[in-house]
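The sequence and the structure come first.

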Amino acid sequence: ALNVGFGLGFALPGEDYGHGGAYHTDLWFNTRHGFATIFLVQHEEYLRADGDDLLTAFKHAAVVAYSRR
């Protein structure tokens with residue numbers, strides 16, 4: 001089970017928060033590093049196509065490129 005709370009449709013897992021859409025779009029506010037990302041994808045077979053790996057790589061690249069210095 002995921003340890004994530006929800007409020008007004010947003011996931012509230014701790015310092016970061018966001019919202020995932022029905023076809024795997026993702027809005028993520030990274031409060032630790034001071035930025036937000038929007039991952040736009042409309043893919044019904046997303047999870048079977050290693051979509052979670054792609055989203056994880058996208059978020060990691062954003063942290064590396066845009067973190068507060």
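## Strand pairing

Tyr17 has Phe29, in E4, as its bridge partner. The two strands concerned, E3 (residues 17–20) and E4, are antiparallel and share four bridges; strands count as paired if DSSP finds at least two bridges between them. Five residues separate E3 from E4 in this hairpin, and His24 in the turn has a positive phi of about 80 degrees.

Phe29 also has a bridge partner in E5, namely Ala36. E4 and E5 (residues 35–39) are paired in the antiparallel sense, over five bridges. They too form a hairpin, with four residues between the strands and a positive phi of about 80 degrees at Gly34 in the turn.

## Basis of the model

The model is predicted: local features need pLDDT of at least 70 and side-chain atom pairs count only at pLDDT 80 or more, while totals for chains, interfaces and linings use all residues. Residues are numbered from 1 along each chain as its sequence is written, and side-chain values use heavy atoms, with hydrogens and water left out.

## Overall layout

The chain contains five strands and one helix, in the order β-β-β-β-β-α along the sequence. Helices (H or I, at least four residues) and strands (E, at least two) are DSSP runs, numbered from the N terminus.

Of the 69 residues, 22% count as buried, where buried means under 20% relative accessible area, exposed over 50%, and partly exposed in between (1.4 Å probe, protein chains only). The chain exposes about 5200 Å², and 59% of this comes from carbon and sulfur atoms; the areas are from the Shrake-Rupley method with a 1.4 Å probe, and for residues only the protein chains shown count as cover. Of the contacts (heavy atoms within 4.5 Å) between residues at least 6 apart in sequence, 20% join residues at least 24 apart.

## Faces of E4 and buried positions

Strand E4 (residues 26–30) has Asp26, Trp28 and Asn30 on its covered face, and Leu27 and Phe29 on its uncovered face. Which residues does Thr37 contact, leaving aside neighbours within four places in sequence? They are Asp26, Leu27, Trp28, Phe58 and Ala62. Thr37 lies in E5 and counts as buried because its relative accessible area is 6%.

Ala11 belongs to strand E2 (residues 10–12). Ala11 counts as buried because its relative accessibility is 18%. Ala11 and Trp28 are 17 residues apart in sequence, with a C-alpha to C-alpha distance of 9.2 Å.
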